[in-house]
Each structure stands twice: as C-alpha cells, then as structure tokens.
Amino acid sequence: MKGVLLVNLGSPDSPTPKDVKPYLDEFLMDERVIDVPLWWRTILVRGIILRTRPKKSAEAYQKIWWEEGSPLVVISERFTEKVKELAEIPVALGMRYGKMSIKNGLQELKEQEVTDVLLVPLYPHYAMSSYETVVVKAMEDKDQYFPEMKITTLPAFYGNPDYINLLSKSITNGLKDFDYDHLLFSYHGIPERQIFKKDPTQFHCKLDEQCCTTNSVAHTTCYRHQCFAMTEKVKQNLGLSDAMITISFQSRLLNDPWLKPYTDFEFERLGKEGVKRLAVITPAFVADCLETLEEIAMEGEEQFKSAGGEGYKYIPCLNDSPEWVELMVDWIRNWQLKETLPA
Ligand SMILES: C=CC1=C(C)c2cc3[nH]c(cc4nc(cc5[nH]c(cc1n2)c(C)c5CCC(=O)O)C(CCC(=O)O)=C4C)c(C)c3C=C
Ligand SMILES: [Fe+2]
Ligand SMILES: [Fe+2]
C-alpha cells in the first residue's frame, strides 16, 4: 500500500525559553545545520548560543504564536488534512525537530499498512540544513525501525512550472490592493561554506556573478542557484524587469559569512535609495513561520520604514491554499499511479 509522509522543520512546544531551549538544542546540534566538528558545535551551541538565544527567540515566538499553537505546525497540519482528504491515500505529517517526529509519521503510516512511502520534504530548494537533513533522518529511521518500508523522495520543486505559476499568482493576488515599486525575494540564508561543501565537482561554485547561471551538475545541490533560478522564472512569469526586483538572504546566525546580500541590509539600502513601496515574498518557505511572520512581516517593515520607505506589504506563503493542496495531490497521484515525480 502506498502513502505519503510530509515533513517540515518543527517548532518549540510553546513560546517559552523552557521549551525553546531543547528545540534549539536538537535543531542546532544537527551536523547538517551547524556543520562544524562535534566538539566545536557543542561549544558554540551549548556553551554560547543556548545561554542567550532561547529567551530572545521565545520573545519573538510570543509575537507570532496562535491560540492553536505555532503557525508553522498549525499550517502544516491543516495542509496535511486537506491533502489527505483529496488524495484519498494515507498521508502523515512529521517534523524534523521536536515531538512530532519523522519516526512517528512513519509509524502512523505503518499502522495503515503502508509499505511504499513518498517522502515530501516541505522545502522548495535543496540545502543540507533543510531538505538533506530530512532525507537523511527519514532513511536512518526507516533502516532502524521500518526496514520493510520503501521510501521514494520528492525532488526539490523550486523550478517546477506549476509551482512557479502558483507562486506568481500568489504575488499577483497578494499585491492586488498594493501599488508597489519594488519586489524583494527574501530567501532563508545559509553559511557560504555549505554551498562549497555541496558542490560535487569541488570547483564549480564560486559565489560569483556567473557560476549560478552557468549550467552545471552542481546545481542539483546548489541552494544559491536554485534561489536565483526560481526568482528568474517568477520574474519572467510576471513580466517584471531586473530593476524591479532584488534577491536577498535572511536569518543569519553567528558571524561566519552567509549568502549575500543580507535581507536586513537590503531593507535599509532600498529605503535609502528611494524605494517607497516595497513588497516582500519569502519563497524558501511553504508555510508561514517565525522567520516570515516576525523577521520579515514585522521587523522588516520597521527596518524599511525607518530607512525612508513609506508602504510595505508582506506576501504570505502558500500555506494551506486550495491551489497548493491540489498541486501536491497532483504530484502524489502521478507517483501513485505512474511512478513519476515532478521535474
Ligand atoms: C546555522 C543555522 C541555521 C541554518 C543553516 C538554517 C537553515 C534553514 N532554516 C530553514 C527554515 C527555517 N528556519 C527556522 C528557524 C530557525 N533557523 C535557525 C537557524 C538556521 N537555519 C534558527 C536558530 C531558527 C530558530 C528561531 C530563531 O532563533 O531564530 C524556521 C522557523 C521555525 C518556526 O518554528 O517557525 C524555518 C521554517 C531553511 C529552509 C533553511 C535552509 C535553507
Ligand atoms: Fe532556519
Ligand atoms: Fe553557483
């Protein structure tokens, strides 16, 4: 029997330092998130970050928390329910970090006699800290607890024409009542070294002007290329000029170099350079979460306006919109009936 496991990142159980701390501990001790040797990661995470970050993060979570819980979790649950209803096959939800684990999701599927699983990391792009860690963990859990299961993984869908269309439509709809003069694509950042680590050729990625637009096998695992390619397709779909858009990378942690330009610097630059009405989309996320609702929708507006901007509009993620549910179900049906996966 076939079934689907959707996986997103996960959130703390509550927006309190007591619950944020173990969540951040599990998240940041992941060797694919802070990808330095264990001894150094332990010092960085347990000796430095976890001393102050849980309080600061909990305050941020409090600003966006819903009555039903973390927006990321609630939206992912709603999405899962809708997909399940429409797909008419077993569909479970797991989170990479926290109690709603991948193992629990696989267990739920096993109880419904599923042996053939479509694993769907809910990230449009490949990054070792998002997509890859989900796949590795799911395979480890399968090998350890469910060896009889077969897992097929949905590829990163950043370039899928149907997904690009959905994203483009969400921009058009989101900006119906907002006359904008510039559109910022803000992607979650990653440390630059993670790009080099994932370059299978070891020489293609240079983080320069050309590498990400020069064809290469390295792009299968190049997060930067995938963000640029997605932006280019949406730009063409909407008929926007280069001058109308900016790409940037948000949510830095620690002081090592991350992908540039940095979103917070761009809010300031755009405001100072005379952009008056800024629209912002966050296409690295399929569901709204702390990084979109607090960092971009709240903080971003403040940063842009204090640099001279006048109007600001955050375009929500696709969340549990009917069109996104239908597209996911389309992909599931193609796999279920024809064993094909979206390209
Ligand atoms: C080294 C640190 C981090 C890397 C690399 C990273 C990559 C990465 N993250 C996401 C998606 C999400 N991240 C979220 C929160 C978040 N991310 C980091 C750190 C790294 N992320 C931290 C410390 C946090 C926690 C909150 C904070 O203290 O700022 C979230 C939101 C979770 C929620 O509960 O709402 C998402 C989603 C991607 C896609 C990615 C690589 C591309
Ligand atoms: Fe993150
Ligand atoms: Fe590149």
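This is a predicted model: local features need pLDDT of at least 70, side-chain atom pairs count only at pLDDT 80 or more; totals for chains, interfaces and linings use all residues.
**Ground rules**

I number residues from 1 along each chain as its sequence is written, and I letter chains from A and number ligands from 1 in the order in which they are written. Local features need pLDDT of at least 70, side-chain atom pairs count only at pLDDT 80 or more, and totals for chains, interfaces and linings use all residues, while side-chain values use heavy atoms, with hydrogens and water left out.

**Entry 1: domains**

I looked up the domain assignment first. It gives domain 1 (2-157 + 322-338) and domain 2 (161-314). The bounds come from an automatic or database domain assignment. I find 23 Å between the two domain centres, taken over C-alpha atoms. For contacts I count heavy atoms within 4.5 Å. By that count, 31 residues of domain 1 touch 28 residues of domain 2.

**Entry 2: the shell around ligand 1**

How many residues surround ligand 1? I get 27, and the closest are Ser11, Arg53, Ser57, Tyr61 and Leu290. A residue counts as near if one of its heavy atoms lies within 4 Å. I sorted the shell by class and found 19 nonpolar, six polar and two charged residues. Here Ala, Val, Leu, Ile, Met, Phe, Trp, Tyr, Cys and Pro are nonpolar; Asp, Glu, Lys and Arg are charged; the others, Gly among them, are polar. Domain 1 and domain 2 each give at least three residues to the shell.

Next I checked polar contacts, meaning pairs of N or O atoms within 3.5 Å; within protein, one must be able to donate a hydrogen and the other to accept it, and residues adjacent in sequence count only if both atoms are side-chain atoms. Serine 57 puts a polar side-chain atom 2.4 Å from an oxygen atom of ligand 1. For tyrosine 61, a polar side-chain atom lies 2.7 Å from an oxygen atom of the ligand. Histidine 188 has a side-chain N or O atom 3.0 Å from a nitrogen atom of ligand 1.

Taken alone, ligand 1 exposes 800 Å², and the protein buries 97% of that. Accessible areas use the Shrake-Rupley method with a 1.4 Å probe; for residues, only the protein chains shown count as cover. I then listed the elements that give two or more residues to the shell: α1 (17-28), α2 (38-64), α5 (128-145) and α10 (290-293). Helices (H or I, at least four residues) and strands (E, at least two) are DSSP runs, numbered from the N terminus. The largest share, four residues, comes from α1.

Is aspartate 25 buried or exposed? Aspartate 25 lies in α1 and is buried, because its relative accessible area is 19% and buried means under 20%, exposed over 50%, and partly exposed in between (1.4 Å probe, protein chains only). Beyond four places in sequence, aspartate 25 contacts Val45, Arg46 and Leu50.

Serine 129 sits in α5. Serine 129 is buried at 15% relative accessible area. With neighbours within four places left aside, I find serine 129 in contact with Arg32, Val33, Tyr97, Ile190 and Gln194.

I found a cis peptide bond between lysine 260 and proline 261, with omega about 0°. Proline 261 falls in the loop between β6 (245-250) and α9 (263-272). Serine 251 lies in the loop between β6 and α9. Phi of serine 251 is positive, near 60°, and serine 251 is buried at 11%.

Glutamate 113 has a positive phi near 65°. Glutamate 113 lies in the loop between α4 (102-111) and β3 (116-121) and is exposed at 63%.
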